[in-house]
Amino acid sequence: MAAIDLGSLPALPAPPAIEGRGPWQLAWARLRRDRVAVTCAIFIAVLLLVALLAKPISVLAGYSPTDQDRVNGISPDGLPMPPSVHHWLGTDNLGRDLLVRIVYGSQVSLAVGVGAAVVAVLIGVIVGMCAGYLGPAVDSILARLMDVVLSFPFLLFAIALATVAGPSELLEIAVIAFFSWAAVGRIVRGQTLAIREKEYVEAARSLGAGPLRIMLVDVLPNLVAPVIVYTTLLIPVSIVFESTLSYLGVGIIPPTPSWGNMISDAQSYYQVAWWFLLFPGLALILTTLAFNLLGDSVRDALDPRG
Amino acid sequence: MARFLIRRVLTGLLVVWLISVIVFGLFFVAPHNVAQLLLGKFAAQNQQLVQSVTHQLGLDQPIPVQYAHFLWRLLHGDLGYSYYSHQPVTTLIAQAFPVTASLALGAAVIWLVLGVFIGVLSATRPRSLLDRGATLFALAGLSVPTFVLGLLLLFVFFYQLHVAGVDLFPGSGYVPLTTNPGQWAMHLVLPWITLAVATMAVYVRLTRGQLVEVLGEDFIRTARAKGLREGRVVYRHGLRAALIPVVTQFGIDVGTLLGGVIVTEQVFGLNGLGRMSVQAVTNSDEPVIIAVVLLAAVFVVVANIVVDLLYAVLDPRIRLS
């Protein structure tokens, strides 16, 4: 038997290093494989880009969102014009370019939608965690508070507040956040109640950690997954809420375009100008659909059992 | 049981009272002069008139005193007079209530029955075409804002049909049930669908998710093992257990119903409580606003108590205490 000449054999490839993959990496990998999630994320990214580039887009189109085109934008009878080379998505009842207005409207929807969702989640997490961790006395007060907020006829109240305080974008964020945090609070409270009974919390307590430290170090990190899911799903709800307020005339004040007030204008013209109703409506539906689908995928990725 | 009811009714009253304080506070902090508003152009000519009207309405008294008067009258079934139409608020509510009740009840029946039924179908056939269709429908329903759906339905089922020469569904208005039941329903079909779809989507998802879980439990296997028909297993044993979160959701949705009603009534021109309250807000008609908000809050509280009672009926393991 001839000795094997080790030197003549091709060198074996080094065995791949075994990587530890944390739950976050696993979730990220699952999310990236999810075609629906990727499509929605791309759509949202494009929308964000469009919102940021609204000004350059309006310059390219040649119209500002409030320019009234009396030549090509309005028919001799004073009606909106259908999509054409001058106005790709047609015009509204004042001869304003729908494309440019929809682009500007996306700024409102994203700013209010994301802003309100983030504020609501922040308040909801703080209140929910306090209600869940600080014992029955604090809990019963905070739980009643959440009950009161949840049993408000919120849309009516939002309308009333807007008429009292004068409608504005900031007020919209405040109103939407005010009526959304309690739902988050309830979920966080339930989760916190479960977490506080875990052994590691007991261990931290017996080591002398105070309530604030336990809430921040032991409870909060375990709330991140449900909070991310809830934030993603709260954004489309806030966007719909914003557009509803604008539709009812207590949100964004014309002539500043928002998808809601455009649809409100279109209501009187849908029999003669389908594009006037359809395009802002479509923008709104596609945006909320994208956020909802993405939220669903994020939940699946973080909790594959669900 | 009796103790439970008493406690729930008391906390319910507390919630309603808190809301009345908040509404009252909110509107009386509002910086505007009601008397000036009522008198219109007369106000500028006669400052004394403004003062006497303000006095008549009791608006020159401290806010806590005003609130006490309001509460006293409320306990006697008197909600005051509308600043705008000068009619008793109770009369206005009595006029608008049937419209809103017809709209809300019909929509609730549609979303409950259809939502749960589609949920069951899709839970018993997981990953089938029907299941996927239902999931997609649920997501789409959640994503379409009520007013957009209403306007699209109007465009297709009122306007396009009208153009095609078929006038099946009217574009707006309301016919009382007692006048003509057929016309009543025809006027309400599109509003019902508009109001029901978004909520229905939630029920499809909820029922499906719950039922899939319940059908994997031991008592279902036992029921199957003793030879029950599959239909009986699913509907009598499975669905009953799966319905509890659905009932919870229903209690929550009654609370948010007024929101949907406001938008739907606005789109379809129905003169119900929703439209009335929006008009009251734009006219600064405080007595009407307060009445509608309180009415809505009472409904939410009652619905929540009913929901708690239903738990015990659905799941004998839950004892009310």
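1. Let's start with how α6(A) and α7(A) cross: the crossing is right-handed. Keep in mind that this is a predicted model. The axes of α6(A) and helix α7 (residues 169–195) of chain A come within 10 Å, crossing at roughly 150°. Angles over 145 degrees count as roughly antiparallel, and the two helices α6(A) and α7(A) are therefore roughly antiparallel to each other.

2. Who does the touching here? On the α6(A) side you'll find Phe154(A), Ala158(A), Leu161(A), Ala162(A) and Ala165(A), and they meet Leu171(A), Val175(A) and Phe179(A) of α7(A). Sorted by class, this contact of α6(A) with α7(A) has eight nonpolar residues, no polar ones and no charged ones.

3. Now compare another helix pair in chain A. Helix α2 (residues 35–52) of chain A and α11(A) have axes that come within 9 Å and cross at roughly 135°. That angle makes α2(A) oblique to α11(A). As for handedness, α2(A) passes α11(A) in a left-handed crossing, whereas the crossing of α6(A) and α7(A) is right-handed.

4. From α2(A) come Val36(A), Ala37(A), Cys40(A), Ala41(A), Phe43(A), Ile44(A) and Leu47(A), and they meet Thr287(A), Ala290(A), Phe291(A), Leu293(A), Leu294(A) and Ser297(A) in α11(A). By class, the contact of α2(A) with α11(A) has eleven nonpolar and two polar residues, and no charged ones.

5. Next, the interface between the chains. Here 32 residues of chain A are in contact with 34 residues of chain B. On the chain A side, the elements giving two or more residues are α5 (136–150), α6 (154–165), α9 (211–247) and α11 (274–302). Which of them gives the largest share of the side of chain A that touches chain B? That would be α11(A), with nine residues. By class, the side of chain A that touches chain B has 22 nonpolar, nine polar and one charged residues.

6. The largest nonpolar core has 155 residues, and the members that touch the most others are Leu156(A), Ala158(A), Ile159(A), Ile263(A), Val292(B) and Val293(B). Helix α4 (residues 98–133) of chain A gives the largest share of this core, 17 residues.

7. Is Trp24(A) buried or exposed? Trp24(A) has 12 other C-beta atoms within 10 Å, and a residue with 12 or fewer counts as exposed. You'll find Trp24(A) in helix α1 (residues 23–33) of chain A. Trp24(A) and Leu52(A) are 28 residues apart in sequence, and C-alpha to C-alpha they sit 30 Å apart in space.

8. Last, an overview of chain B. Its secondary structure comes to 13 helices and zero strands. The C-alpha atoms of chain B fill a box of roughly 85 × 60 × 35 Å, taken along the principal axes. Of the 321 residues in chain B, 35% are buried. Looking at contacts in chain B with a separation of 6 or more, 71% are between residues 24 or more positions apart.

Key. Residues numbered from 1 in each chain as written. Chains lettered and ligands numbered in written order. Predicted model: local features only at pLDDT ≥ 70, side-chain atom pairs only at ≥ 80, totals over all residues. Core = buried A, V, L, I, M, F, W, Y, C linked by C-beta atoms within 7 Å. Buried ≥ 20, exposed ≤ 12 C-beta atoms within 10 Å, placed from the backbone. Helix = DSSP H or I, 4+ residues; strand = E, 2+ residues; numbered from the N terminus. Contact = placed C-beta atoms within 7 Å. Nonpolar A, V, L, I, M, F, W, Y, C, P; charged D, E, K, R; others polar. Axes fitted to C-alpha atoms, helices over the stretch in contact; angles between N-to-C directions. Parallel < 35°, antiparallel > 145°, perpendicular 65-115°, else oblique. Left-handed = near helix turned anticlockwise from the far one by under 90°.
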